[in-house]
Amino acid sequence: MKPIAPTCAVLVAATVCLALAGTASPAALASQPEALPTLSEHMGEMSDAFRTISRGYNKADKLDDVLEAIGTLQQNIVASKSMVPSRLSEMSGEELETSLTEYRVRMAKLLDRTAELEVALLTGDEDLAHMIIRDELYPMRDEGHELFSD
Ligand code: HEM
């Protein structure tokens, strides 16, 4: 006679052990919190969006893509403006407060100019869009990096 009962018992025990050992079911995996993006990652998203914007803002067939990219840029600016640049990580007290305020003011102004760009594109003012991108957004990015990135 075959030892059916012991085999079943071993299978059941193995299943229970795996479950207790934390083998995650798909449902458990789905409920695990994901790590929040870092400032660097938000900046990476901003960079991709800004590339889409600066390459497509003067092309009628790219308007939808550009408007979507402006939304992505804005969302990442909002997320970034209350984060702490790693270059400030050694600071404390008043020095940190002053630098964080300066950083946030610059990010808020950047957000403001992206909203102005959105209006320019929605109202068909290509010259204004060109001016905002070349004379404001690029310099704001470069100055921000000189002051705050490593
Ligand atoms: C359209 C505007 C901007 C774009 C496209 C942009 C893009 C980028 C990119 C590609 C990086 C490198 C990310 C990496 O791989 O680590 C970066 C880093 C950084 N950017 Fe920007 N940036 C913009 C505006 C600004 C502004 C205005 C500021 C400051 C006021 C700023 C502060 C920083 C800082 C602090 C880092 C280093 C991240 C860290 O400390 O962990 N960026 N940015």
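Trainee: Which of the 21 residues around the ligand come nearest?
Mentor: This is a predicted model. In it, S40, M43, P85, G144 and S149 come nearest among the 21 residues around the ligand.

Trainee: Let us step back to the fold. How many helices and strands does the chain have?
Mentor: The secondary structure consists of six helices and zero strands. From the N terminus on, the order of elements is therefore α-α-α-α-α-α.

Trainee: And what percentage of the 150 residues count as buried?
Mentor: Of the 150 residues, 15% count as buried.

Trainee: What share of the contacts with a separation of 6 or more comes from residues 24 or more positions apart?
Mentor: Such residues account for 62% of those contacts in the chain.

Trainee: Now the helix packing. At what angle do α3 and α4 pack?
Mentor: The angle is about 155°, and the axes of α3 and α4 are 8 Å apart. Angles over 145 degrees count as roughly antiparallel, so α3 is roughly antiparallel to α4. The crossing of α3 past α4 is left-handed.

Trainee: Which residues of α3 and α4 make the contact?
Mentor: On α3, the contact is made by L39, H42, M43, E45, M46, A49, F50, T52, I53 and G56. On α4, it is made by D65, V66, A69, I70, T72, L73, N76, I77, A79 and S80. By class, the contact of α3 with α4 has twelve nonpolar, six polar and two charged residues. M43 of α3 belongs to this contact, and M43 is also one of the residues that come nearest to the ligand.

Trainee: What about α5 and α6: at what angle do their axes cross?
Mentor: The axes of α5 (residues 93–122) and α6 (residues 126–148) cross at roughly 165° and come within 10 Å. That makes α5 roughly antiparallel to α6. Here, too, the crossing is left-handed, with α5 passing α6.

Trainee: Which residues make the contact between α5 and α6?
Mentor: From α5 there are Y103, R106, K109, L110, R113, E116, L117, A120 and L121. From α6 there are L128, A129, I132, I133, E136, L137, M140, G144 and F148. The classes in the contact of α5 with α6 are twelve nonpolar, one polar and five charged residues. G144 of α6 is part of this contact, and G144 is also among the residues nearest the ligand.

Trainee: What is M91 in contact with, leaving aside its neighbours within four places in sequence?
Mentor: M91 is then in contact with L96 and S99.

Trainee: Last one, D127: is it buried or exposed?
Mentor: D127, which lies in helix α6, is exposed, with 9 other C-beta atoms within 10 Å. D127 and N58 are 69 residues apart along the chain, and their C-alpha atoms are separated by 9.1 Å.

Notes. Residues numbered from 1 in each chain as written. Predicted model: local features only at pLDDT ≥ 70, side-chain atom pairs only at ≥ 80, totals over all residues. Axes fitted to C-alpha atoms, helices over the stretch in contact; angles between N-to-C directions. Helix = DSSP H or I, 4+ residues; strand = E, 2+ residues; numbered from the N terminus. Parallel < 35°, antiparallel > 145°, perpendicular 65-115°, else oblique. Left-handed = near helix turned anticlockwise from the far one by under 90°. Contact = placed C-beta atoms within 7 Å. Nonpolar A, V, L, I, M, F, W, Y, C, P; charged D, E, K, R; others polar. Near = placed C-beta within 6 Å. Buried ≥ 20, exposed ≤ 12 C-beta atoms within 10 Å, placed from the backbone.
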